Amino acid sequence: MQSDNCGPDRPAHPGIFPTREAGKSDHEPAERSVDFPVSVVLPAGGTGERTGLQTPKQFCSFLGRPLISYTVQTFERLSWIQSIVVVVAKEHMDLMTDIIQRFQHRKVRVVPGGSTRHRSIWNGVLALGGEAEGEAAAGDRPKVVIIHDAVRPFVEEDFLYKITMAAKEQGAAGAIRPLVSTVIATTAEGYLDHSLERAKYRASEMPQGFTYDVIYQAYQRCTESDFEFGTECLHLALQYCGTNAKLIQGPPTLWKVTYKRDLAAAESIIKDALSQSACIITGGSAHAATLAGALQKAAGALDTELEVIPDLMGENASYLLKEWNFIRVSVNCSCLSEVEALLGDLEAADRALLHPVVVIWVHLSCSGESSISGGKVEPDVLMELASAAKLQNILLYGIQLQQSKEIERWERSVLKVMEITSALIRERSPALVGQLLQA
């Protein structure tokens, strides 16, 4: 039984959009090794009627990117995925091509879909063989084809690997989840006919994997009725190729964006993933280092990991490629110049291409004076800089902090700075960009 969602539970963090480079964190296992070609077909021709939105859900955006771009990134970041075919309605070909170019997706090609799900997937399978119809060229086709929904962005490499290896060994493999609700059959008059014993059944989920030969032959042999009314690829493999798929229970993160509320849930998950850590840059200042240490201590209570570095020189330059959040502490008259330098480094690294990067400027006043080049801190100057950075998908915020000799007052101020910082990193609110907040 196919399922739109695996249930009402939503994972706090699926583990595929971490803060580290190339989709990895310090705590994640090394990337799997696959010694045969694997390609992906993403059917994305749905109209999104159940969301109640005019825009099909795969093209709905959050954090500046359409949903389908997140799904493409899930596969593209894996070195063992050879190519990705996205199948879209003909009227959305140009839109999808623009998305690929804008977010610099490298392994992707777009092909027009058909009138039904099976026809669209078949078009994608044919494209992997380098043809529109007829027999595929053996030298071009992949060993294994993964079929996955474009509106399921949260799938981890470990599970993709299991599906891929099982498909290679068995010819077909698919994800399943326990049924959440009891399934019943009704009469034509709308009365209960009978119910199924829930323990005997499972919900069929994505991803599914097939050897190219199995999925190709299954579609070649299936009927017009299958193309018109069917939705289950594993059934075609069994009925027309005699291939009994290996079924693997998937994690709760396989849920599908189906309704409008799911788009908000997906955005929340990605925000959680992006807000787990931040990098504090002190500029080598003793006062800044002291504040950074205090912020580290306060961050522990807020479940945020902070790393402190003096600058982005030498080995520290790697933070530009693995971090999404930066806190620049300034205590001298050149503070905005320091922020400008950080923004320039981020733009040069093209860090904000896929996700918005947060930069928080913390201006620490040790003498009771707020100064930039010896003068008053002008909010308009920060706003102008932030407005320019926003065009590059970098969100710049400011926090003003007065150092106090009273220990309790100082600790309260530091905690407030950390609370504000955590909220800004978590929410990534465009409305507060360029604001100079007081701690």
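Arg117, Asp149, Arg152 and Glu205 are joined in a network of salt bridges, a salt bridge being a side-chain nitrogen of Lys or Arg within 4 Å of a carboxyl oxygen of Asp or Glu. By this rule the structure has 15 salt bridges. This is a predicted model, in which local features need pLDDT of at least 70, side-chain atom pairs count only at pLDDT 80 or more, and totals for chains, interfaces and linings use all residues. Residues are numbered from 1 along each chain as its sequence is written, and side-chain values use heavy atoms, with hydrogens and water left out.

- Arg119 forms a salt bridge with Glu224, with the closest N and O atoms 3.1 Å apart.
- Arg119 lies in helix α3 (residues 117–128) and Glu224 in helix α6 (residues 224–229), so this pair ties together parts that are 105 residues apart in sequence. Helices (H or I, at least four residues) and strands (E, at least two) are DSSP runs, numbered from the N terminus.
- Glu224 is exposed, at 54% relative accessibility; buried means under 20% relative accessible area, exposed over 50%, and partly exposed in between (1.4 Å probe, protein chains only).
- Glu228 also forms a salt bridge with Arg119, the closest N and O atoms being 3.0 Å apart.
- That pair links distant parts of the chain, with Glu228 in helix α6 and Arg119 in helix α3, 109 residues apart.
- Glu228 is partly exposed, with a relative accessible area of 38%.

**Salt bridge between Asp213 and Arg141**

- In the salt bridge of Asp213 with Arg141, the closest N and O atoms are 3.2 Å apart.
- Asp213 lies in helix α5 (residues 212–221) and Arg141 in the loop between α3 and β6 (144–147), so the pair ties together parts that are 72 residues apart in sequence.
- Asp213 is partly exposed, with a relative accessible area of 37%, and Arg141 is partly exposed at 25%.

**A buried glutamate**

- Glu323 lies in the loop between α10 (319–322) and β14 (325–330), and is buried, with a relative accessible area of 1%.
- The side chain of Glu323 makes a polar contact with the side chain of Ser277 (3.1 Å). A polar contact is a pair of N or O atoms within 3.5 Å; within protein, one must be able to donate a hydrogen and the other to accept it, and residues adjacent in sequence count only if both atoms are side-chain atoms.

**Aromatic rings**

- The structure holds seven aromatic pairs; rings of Phe, Tyr and Trp (its six-membered ring) pair if their centres lie within 6.5 Å, with planes under 30 degrees apart counted as stacked, over 60 as edge-to-face and the rest as tilted.
- The rings of Trp122 and Tyr216 have centres 5.4 Å apart and planes at 55°, so the pair is tilted.
- This pair links distant parts of the chain, Trp122 being in helix α3 and Tyr216 in helix α5, 94 residues apart.
- Both Trp122 and Tyr216 are buried.
- Ring pairs join Trp122, Tyr212, Tyr216, Tyr219 and Phe227 into a cluster.

**Helix α4**

- In α4 (residues 157–170), the buried residues are Glu157, Phe159, Leu160, Tyr161, Ile163, Thr164, Ala166 and Ala167.
- Gly171, which follows α4, has a positive phi, near 95°.

Note on methods: Expected span 1.5 Å × (residues − 1).
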